[in-house]
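This report covers the pockets of one protein model and the confidence placed in its coordinates.

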Amino acid sequence: MALAAVPTSEATPSVEQASGILPETGPTMYACARGHLFVKKSEDPACNRIVKLPRHVGDLVRTTGSLWRGLRGGIWAELDASAATGASRGSGLFGWVLVESPTREFGVPGAALIDAKQAQYMYEVRVLLLSEEESTGLVFEALFDGDFTIGEIKRVLCETTGLTEHLCCLAKDPPGLAPNGIRLGADFMPELKDDRLLGNCGFQDGQALLFLIYVGDLPRKLEVKPH
């Protein structure tokens with residue numbers, strides 16, 4: 001199974017190899033691997049106008065099975081305009097949606113969509129930033145296989161958000177509060193080791209909420225969502 005948002009080892013194809021409809025067909029049902037979709041609202045997959053649409057991780061996206069490879073190696077799937085379920089319900093979505101990219105053109109290279117049949121066996125990972133400031137909230141969401149380590153998840157988290165790996169402390173349980181009501185620091189949080197497998201952390205029902213204490217200055221452009 002593929003990881004949503006982990007860099008792939010595939011090299012960027014040359015222009016001669018890249019552009020065109022692929023002979024093979026892809027799945028007709030995908031799950032959103034991140035918190036957004038990249039969509040070309042055009043019947044022409046070579047269209048350069050791309051919109052970023054917010055979605056929930058795990059939302060279903062129905063496609064026709066047709067695939068197209070762009071000049072930079074990105075794989076796009078043709079949306080099923082007649083779909084009435086999942087992320088397409090009532091949205092008028094049509095055109096082409098990004099499946100995966102081997103470059104950083106759309107952020108972290110890797111999968112933007114996952115075959116829905118595979119996604120049902122993956123974990124929905126959410127990272128909740130703990131802070132005394134108003135910035136407390138969700139900073140990262142993605143689908144991961146259970147055989148990925150906490151260190152690999154931390155790497156993807158940082159590549160996506162601009163955080164620094166060695167300043168991130170991730171845990172399954174948050175630290176407690178001091179008698180004055182202030183949350184205790186990272187020293188009082190049972191940190192998950194980088195070599196720990198996600199599937200061995202004891203998360204249930206495919207939901208993995210990780211608590212993050214950051215021991216540095218947060219990036220100014222860090223997006224924090226209410227939780």
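Which residues lie nearest the centre of the largest pocket? They are His36, Lys52, Val139, Thr160 and Glu223, among 23 lining residues.

The model is predicted, so local features need pLDDT of at least 70 and side-chain atom pairs pLDDT 80 or more, while totals for chains, interfaces and linings use all residues. Residues are numbered from 1 along each chain as its sequence is written, and side-chain values use heavy atoms, without hydrogens and water.

A pocket is an open set of points on a 1 Å grid over the protein atoms alone, where a 1.4 Å probe fits, with protein on both sides within 12 Å along at least five of seven lines; lining residues have an atom within 4 Å of a point. Volume is the space filled by probe spheres set on the points, which are joined across faces, edges and corners.

| Pocket | Volume |
|---|---|
| Largest pocket | about 540 Å³ |
| Second largest pocket | about 270 Å³ |

Two or more residues of the largest pocket's lining come from each of β3 (36–40), β4 (51–54), β11 (137–144) and α3 (150–161). Strand β11 contributes the most, five residues. That lining has eleven nonpolar, five polar and seven charged residues.

The second largest pocket has 18 lining residues, with Lys40, Asn48, Gly70, Leu71 and Arg72 nearest its centre. Its lining comprises nine nonpolar, six polar and three charged residues.

Mean pLDDT (the predictor's confidence in each residue, from 0 to 100) is 85 for the chain, and 85% of residues reach 70 or more. Over residues 1–17, pLDDT stays under 50. Where pLDDT is low, predicted coordinates should not be read in detail.

How values were computed. Helices (H or I, at least four residues) and strands (E, at least two) are DSSP runs, numbered from the N terminus. Ala, Val, Leu, Ile, Met, Phe, Trp, Tyr, Cys and Pro count as nonpolar, Asp, Glu, Lys and Arg as charged, and the others, Gly among them, as polar. Contact means heavy atoms within 4.5 Å.
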